[in-house]
Each structure stands twice: as C-alpha cells, then as structure tokens.
Amino acid sequence: MKLLFAPLVVSLFLAGCDTYPDIADDSSNRPDPSEASNDTFFGAEDLNESNTAIGTLTGDDTVDHYKFNVGGNFNGPLIVQLNGVTGDADIELYDYNLNLVSWSRNPDGSEEEITVWHDAAFNSDSYDVGLYFIRVYSDHADLISDYTLQYDFDKGNAE
Ligand SMILES: [Ca+2]
Ligand SMILES: [Ca+2]
C-alpha cells in the first residue's frame, strides 16, 4: 500500500511548489510555454482566418500577441494597422525568428501603422515562409480600451 500512496504524496507536494515563472508578473520576464494566454509569443492568437482581430487592453492585461502567415513565395508590401484605441497603445512586428522587424509608437490615441516589404527570399525555409508575430501593448496601466488590429498583404506583381 505504501507504494500506491507514494506517488500521490509526491504529487501533492509538487502541486504546492510553484517552480514556474509567474507569467502575470512582468518582472519575471520569462515566458511559460504552457501558458494559454496571449501575453507571450507562445500563446499568440492566429490571425490567418480573418486578417482582423478585436482585442482589449486593460490594467491587468497590457500586452497581446498575434501571428499570421502571408504564405507562398510572394514579395510585396505588408501593412499592419492598429486603430480604435482611446489612449496610447503601440505595435511591434517580429519575424518568424522573433527578431523585431519594425514598430509604430505614436503618442496618445493616434492610429499605429507599420509598412514593410516582405521579401520571400529572406524566409526561404518552407516551414516559416512569411510567418510574422505582432505585439500590441500599452505602457499605460490606466488604459482600458478595445482595439482593432489588422494586416494586409499585397502580393504585388507576383500574381
Ligand atoms: Ca493579453
Ligand atoms: Ca501609441
């Protein structure tokens, strides 16, 4: 019987130990891949379905991540826009390797817009062609606002 109870006791002991960084605590600055929220790149919401997302920033939730894939081997202008915010929020665009590609950080409630040229030659591996991440965030904890995020990819002269 001892052997039967041993795993239970160990499980209960481990359940009481918080060995993972607290994702809600920005000071830890270490993402937890198992976290289901969109506060990290690991939990980025997929934008491929509609090109548009309606989100909300609050004092408890000051950052959201999204991802999309422009697909194929096309070159063309890629535009990311954030609007509808009642205060100061900003956006950043990252490539598939989480390198910061570009950003838009206008003051107050100004609309944000990023325009970059997607060059398929720089993303030649089949599994990551055209994969991008967007970070929507606000440095103002008192900001509570909905927002609309959208991207537009023009395949240019490729088609
Ligand atoms: Ca969030
Ligand atoms: Ca801004």
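**Strand pairing and core of the predicted model**

In the predicted model described here, Phe68 stands opposite Tyr132 in strand β8. This pair belongs to the contact between β3 and β8, two strands that run antiparallel and are joined by seven bridges. Strand β8 also pairs with β5, again in the antiparallel sense, over five bridges.

In general, the strands of a sheet pair through backbone hydrogen bonds, in either a parallel or an antiparallel arrangement.

A further open sheet is made of four strands in the order β2-β9-β4-β7, and its pairing is antiparallel. Its edges are taken by β2 (residues 52-57) and β7 (residues 112-118), each of which has a single partner strand, so one side of each is left without a neighbour in the sheet. The pairing of β4 (residues 76-83) with β7 is antiparallel and extends over seven bridges, and Gly76 stands opposite His118 in β7.

Taken as a whole, the chain has one helix and nine strands, and along the sequence these elements follow the pattern α-β-β-β-β-β-β-β-β-β. Among contacts between residues at least 6 apart in sequence, 63% join residues that are at least 24 apart. Buried residues make up 19% of the 159 residues in the chain.

The largest nonpolar core contains 22 residues, and those with the most contacts inside it are Tyr66, Leu82, Ile134, Val136, Tyr147 and Leu149. Strands β2, β3 (residues 63-69), β4, β5, β8 (residues 131-137) and β9 (residues 145-153) each supply at least two residues of this core. When residues up to four places away in sequence are not counted, Leu149 touches Thr52, Ala53, Gly55, Tyr66, Leu82, Ile134 and Val136. In soluble globular proteins, nonpolar side chains tend to be buried together.

Several loop residues could be described individually. Asn51, in the loop between β1 (residues 45-46) and β2, has a phi near 70°, a positive value in a residue other than glycine. With 12 C-beta neighbours inside 10 Å, Asn51 counts as exposed, the cut-off for this class being 12 or fewer. Leu98, which is placed in the loop between β5 and β6, likewise has a positive phi, of about 65°, although Leu98 is not a glycine. This leucine counts as exposed because 10 C-beta neighbours lie inside 10 Å. Asn106 lies in the loop between β6 (residues 100-104) and β7, and this residue is partly exposed, with 14 other C-beta atoms within 10 Å. Although Asn106 and Ala89 are 17 residues apart in sequence, their C-alpha atoms are 8.1 Å apart in space.

The average pLDDT is 81, and 70% of the residues score at least 70. Among the elements of the chain, strand β5 (residues 90-94) has the highest mean pLDDT, at 98, whereas helix α1 (residues 2-15) has the lowest, at 53. Over residues 16-23 the pLDDT stays under 50, and for this stretch the model has 10 contacts beyond four places in sequence. Where pLDDT is low, the predicted coordinates should not be read in detail.

Definitions and conventions: Residues numbered from 1 in each chain as written. Chains lettered and ligands numbered in written order. Predicted model: local features only at pLDDT ≥ 70, side-chain atom pairs only at ≥ 80, totals over all residues. Pairing = 2+ DSSP bridges. Buried ≥ 20, exposed ≤ 12 C-beta atoms within 10 Å, placed from the backbone. Contact = placed C-beta atoms within 7 Å. pLDDT = per-residue confidence, 0-100. Core = buried A, V, L, I, M, F, W, Y, C linked by C-beta atoms within 7 Å.
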